[in-house]
Amino acid sequence: MNNATKAIFLVIVLTVSQLAWAQQPVASDTTNALTQLKPTPEKNELKYNLNQSGSHFFKATFLNQAWFRFNQSNPGSTVIGEPSNNTFDIGLRRTRMQLFGQISDHVFLYIQFGMNNFNYLNGGFNPTASSNRKIQAFFHDAVGEYLVFKNKNLLNIGGGLTIVNGLSRFSAPSVSSIMSMDVPVFAQATVDQTDEFSRKLSVYARGQISHLDYRIALSDPFPIQTSGAALPVYSQNANFALKGHHKQYQGFFMWQFFDKEAHQAPGYNTGTYLGVKKMFNLEAGFITQKNATASIPTAGDTTYHTMNLWSVASFLDMPINRQKGTAVNAYLGYFHTDYGTNYLRFNGIMNPASGLTTGYPSGTQGNAFPMFGTGSVVYGQFGYLMKRDLFGAGNGTLMPYVQAQVASYQRITETMGVYNVGVNYLIKGHNGKFTLDYQNRPYYQAAGNQYAPGGRRGQVTVQYQVFI
């Protein structure tokens with residue numbers, strides 16, 4: 001943590017402490033002081049009310065997700081120059097702080113700061129570049145919103161650096177409330193290519209009108225030249241364009257049959273309400289951008305492609321027995337992902353390998369698989385929340401789950417399936433939980449201009465999440 005980050009963190013801690021102290025009543029004498037020595041209600045949030053009713057407030061949250069992982073490496077993987085068939089690594093998947101609040105009847109502020117994917121490779125090993133291991137923390141969101149109608153979320157207009165996205169609920173996930181260990185990252189379609197960890201500079205409108213929850217956005221995507229990675233080389237396969245700059249248009253719409261979704265933090269969608277709400281939604285979304293990618297189908301002929309992505313889905317999060325606390329969570333979605341002819345990108349979350357021996361396709365090391373591509377994806381998940389206090393009062397409960405991502409991309413010869421099975425130990429809901437997850441994925445070999453599956457690999461991960 002560099003000095004600037006330390007200073008920011010210290011100011012936040014001192015401010016929250018002072019605000020909490022300022023709200024305590026002051027005893028005028030010893031008798032009054034003794035009357036204060038009684039149990040106070042337990043709080044699950046750091047919140048300071050700006051008015052008596054609490055409709056104006058400012059709030060701070062902190063999240064840490066630590067991973068402990070064993071991975072079977074894809075063939076040819078190396079770790080800092082040595083061949084490695086498997087790895088064990090410890091990392092921080094996400095470490096975040098949020099500062100937000102309703103400053104007045106019409107003014108809302110949201111800021112998020114933190115880092116992601118921090119393991120012994122510091123998010124990416126480059127032996128030719130210097131690194132002091134202190135480069136990962138950054139502002140994820142910095143948004144101001146104007147509520148057009150007082151005390152109503154009919155129409156909120158906002159702008160800044162934001163995750164307000166189209167396509168799907170998992171394109172803007174509330175990571176503290178994920179039902180499984182991790183989200184389906186393919187739904188964050190341009191992550192770290194033409195955005196900043198799925199955030200973009202945008203102006204947007206969002207709101208809830210009766211059963212309809214909507215958001216539409218005009219985004220100013222970043223050029224691929226600023227991604228920090230090697231520039232793409234044009235070929236017969238589409239890649240993000242090196243010339244031109246066009247705005248991106250997005251929209252996401254949910255029809256809520258029962259309870260309404262949480263609507264406080266701009267754009268973020270809850271993973272599971274743990275049976276507190278009765279949710280059933282039909283959802284649809286899109287992202288489009290003119291000339292977003294380019295290819296050279298024949299020598300000397302550069303062709304530009306419009307990126308068109310859309311999805312339709314259903315989302316269910318519903319109590320089964322309120323007295324026992326049991327509930328289910330389910331999602332099923334279809335994604336049409338057209339980045340341009342033959343687009344394909346391998347990605348491995350917090351990849352524990354740094355390279356490949358010769359003779360293996362570039363980018364396929366470690367735990368990478370074809371995560372993004374032109375084609376279609378079906379994604380589904382199901383989880384079951386077991387009874388409250390399964391292990392005795394105050395000792396938490398379990399929520400087992402399954403996930404499946406099935407994709408058909410132009411540049412892979414067979415349908416790809418990535419499967420996860422796991423269980424959450426909810427010590428205190430999402431505020432404190434362990435997750436044990438097993439993932440089974442394919443690895444690939446080059447087959448001309450395509451990729452053919454060569455076999456399968458697995459990884460086992462334990463995550464410990466603490467959130468307040």
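**Strands, a pocket and ring contacts**

Strand 3 (residues 77-79) and strand 17 run antiparallel and are joined by two bridges. The model is predicted: local features need pLDDT of at least 70, side-chain atom pairs count only at pLDDT 80 or more, and totals for chains, interfaces and linings use all residues. Residues are numbered from 1 along each chain as its sequence is written, and side-chain values use heavy atoms, with hydrogens and water left out. Strands (E, at least two residues) and helices (H or I, at least four) are DSSP runs, numbered from the N terminus. Two strands pair if DSSP finds at least two bridges between them.

- Ser77 has Leu356 in strand 17 as its bridge partner.

**Strand 13 and its partners**

- Strand 11 (residues 239-240) pairs with strand 13 (residues 279-298) in the antiparallel sense, over two bridges. Here Asn239 stands opposite Ala294.
- Strand 12 (residues 248-256) also pairs with strand 13 in the antiparallel sense, over nine bridges. Trp255 has Leu282 in strand 13 as its bridge partner.
- Strand 13 and strand 14 run antiparallel, joined by 15 bridges. Gln289 has Met307 in strand 14 as its bridge partner.
- Strands 13 and 14 form a hairpin with two residues between them. Gly300, in the turn, has a positive phi of about 80°.

**The second largest pocket**

- The volume of the second largest pocket is about 1400 Å³. A volume is the space filled by probe spheres set on the grid points, which are joined across faces, edges and corners.
- A pocket is an open set of points on a 1 Å grid over the protein atoms alone, where a 1.4 Å probe fits, with protein on both sides within 12 Å along at least five of seven lines; lining residues have an atom within 4 Å of a point.
- The lining holds 50 residues. Ser177, Thr272, His430, Asn431 and Phe467 lie nearest the pocket's centre.
- Strand 2 (57-72), strand 5 (86-102), strand 6 (107-118) and strand 14 (301-321) each give two or more residues to this lining. The largest share, five residues, comes from strand 2.

**Aromatic pairs**

- The whole structure has 18 aromatic pairs. Rings of Phe, Tyr and Trp (its six-membered ring) pair if their centres lie within 6.5 Å; planes under 30 degrees apart are stacked, over 60 edge-to-face, and the rest tilted.
- The ring centres of Phe100 and Tyr110 are 5.8 Å apart and the planes are at 40°, so this pair is tilted. Phe100 is in strand 5 and Tyr110 in strand 6. Both are buried (under 20% relative accessible area, with a 1.4 Å probe and protein chains only; exposed is over 50%, partly exposed in between).
- The ring centres of Phe170 and Tyr331 are 4.8 Å apart and the planes are at 75°, so this pair is edge-to-face. Phe170 is buried, at 7% relative accessible area, and Tyr331 is buried, at 3%.
- Phe170, Phe186, Tyr331, Phe335 and Tyr379 form one aromatic cluster.

**Charges over rings**

- The charged end of Lys47 sits over the ring of Phe57, 4.6 Å from its centre. Such a charge has NZ of Lys or CZ of Arg within 6 Å of the ring centre and within 35 degrees of the ring normal.
- Lys278 lies over the face of Phe258, 4.3 Å from the ring centre.
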